Amino acid sequence: MSFNPRLRNWQGRHVWLIGAGHGIGAALAHQLRAAGALLALSGRNEAALRAVAADDAHCLVLPLDVTREQDWLQARGQLLQRWPHIDLVVMLAGDYAAVRAWQLTPELARHMVEVNLLGVMYGTAAVVPALLHQQHGSIALVASAAGWVGMPNGLVYGATKAAVNHFAQTLYLDLRPRGIGVHVVNPGFVATRLTARNDFAMPALISAEQAASAILAGLARGDFDIHFPRRFSLLLKLAAHLPYRLYFWLAHRVTGL
Ligand SMILES: NC(=O)c1ccc[n+]([C@@H]2O[C@H](COP(=O)([O-])OP(=O)(O)OC[C@H]3O[C@@H](n4cnc5c(N)ncnc54)[C@H](OP(=O)(O)O)[C@@H]3O)[C@@H](O)[C@H]2O)c1
């Protein structure tokens with residue numbers, strides 16, 4: 001039995017994508033629209049959202065900054081005025097900077113926790129009452145395989161994504177018995193502006209379009225943990241279960257850091 005309702009037929013489905021102006025979110029918007037979904041697109045950069053919306057007259061553009069509670073409430077209000085219900089909310093907004101122990105600053109920490117973790121929590125607080133009221137719908141939180149186990153360069157980012165995985169597990173336990181689907185998405189390396197900053201070789205790097213297809217495939221299976229590409233994510237899952245002595249040795253050895 002699948003963890004969640006299988007989301008397969010997108011024709012006429014109402015999908016709110018947060019973090020839709022670039023990268024994986026933009027690719028997901030294009031694929032969902034091609035499959036017949038009705039979209040609402042959010043992010044900070046309105047021009048980028050309008051470019052993704054292109055000439056789709058049905059597409060709503062709702063700019064917001066995920067770190068501002070007020071933005072969430074305003075966007076949710078606008079959405080519910082126009083849509084009869086919400087079938088799926090996907091939270092993709094995120095930021096990344098490679099941080100090693102000696103580069104850690106309170107500003108870097110605050111920024112990434114605010115966008116990657118508090119943003120997800122504020123967004124969840126904004127949409128869950130509406131999903132519970134309508135008694136159906138799904139929510140997908142984009143975390144990262146970097147959240148499964150500590151890795152050099154991932155000092156703050158990895159911790160925020162570990163927290164999103166934890167948050168999603170508890171959300172699933174609370175919401176699934178009440179008819180709401182909950183998914184957590186854990187990509188490996190995807191070629192977007194986030195990873196363009198990396199100056200190291202990224203194993204099993206995939207395109208944003210491949211990532212979007214993998215997310216849709218996971219939603220179609222009703223998976224709770226949608227992780228990809230499997231050739232990378234399964235190895236990392238294994239690594240996360242190794243004894244610490246072996247894992248720490250391996251992490252130094254593989255990354256050279
Ligand atoms: N690329 C990877 O290898 C990878 C791997 C694992 C997980 N992920 C996760 O996948 C998600 C999408 O990342 P991506 O790689 O597609 O990067 P991206 O191209 O930089 O997209 C990030 C999106 O988040 C939005 N965003 C950032 N800060 C925001 C804020 N404060 N409020 C609202 N929107 C904000 C950005 O739009 P604006 O700038 O217009 O606001 C943009 O649309 C992120 O959560 C990331 O952590 C990525």
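1. A polar contact here is a pair of N or O atoms within 3.5 Å. With that cut-off in hand, look at G188: one of its polar backbone atoms is 3.4 Å from an oxygen atom of the ligand. Please keep in mind as you read that this is a predicted model.

2. On its own the ligand would expose 870 Å², of which the protein buries 97%.

3. The shell around the ligand is worth a slow look. Two elements each give two or more residues to this shell: α1 (23–34) and α5 (157–175). In total 29 residues surround the ligand, with R44, Y157, V190, T192 and R193 the closest. Sorted by class, the shell holds 14 nonpolar, eleven polar and four charged residues.

4. Now for some backbone details. Most peptide bonds are trans, and most residues other than glycine have a negative phi. The bond joining F228 and P229 is cis, with omega at about -15°. You will find P229 in the loop between β9 (225–228) and α7 (230–240).

5. Two non-glycine residues have a positive phi: Q135, near 65°, and N153, near 85°. Q135 sits in the loop between α4 (106–134) and β5 (138–142), while N153 belongs to the loop between β5 and α5.

6. Are these two buried or exposed? Q135 counts as exposed because its relative accessibility is 63%, and the cut-off for exposed is over 50%. N153 has 13% relative accessibility, so it counts as buried, a label that applies under 20%.

Terms used:
Residues numbered from 1 in each chain as written. Predicted model: local features only at pLDDT ≥ 70, side-chain atom pairs only at ≥ 80, totals over all residues. Heavy atoms only, no water. Near = heavy atom within 4 Å. Polar contact = N/O pair within 3.5 Å; in protein donor to acceptor, adjacent residues only side chain to side chain. Areas by Shrake-Rupley, 256 points an atom, 1.4 Å probe, with all protein chains shown as cover. Helix = DSSP H or I, 4+ residues; strand = E, 2+ residues; numbered from the N terminus. Nonpolar A, V, L, I, M, F, W, Y, C, P; charged D, E, K, R; others polar. Buried < 20%, exposed > 50% of the residue type's maximum accessible area, 1.4 Å probe, protein only.
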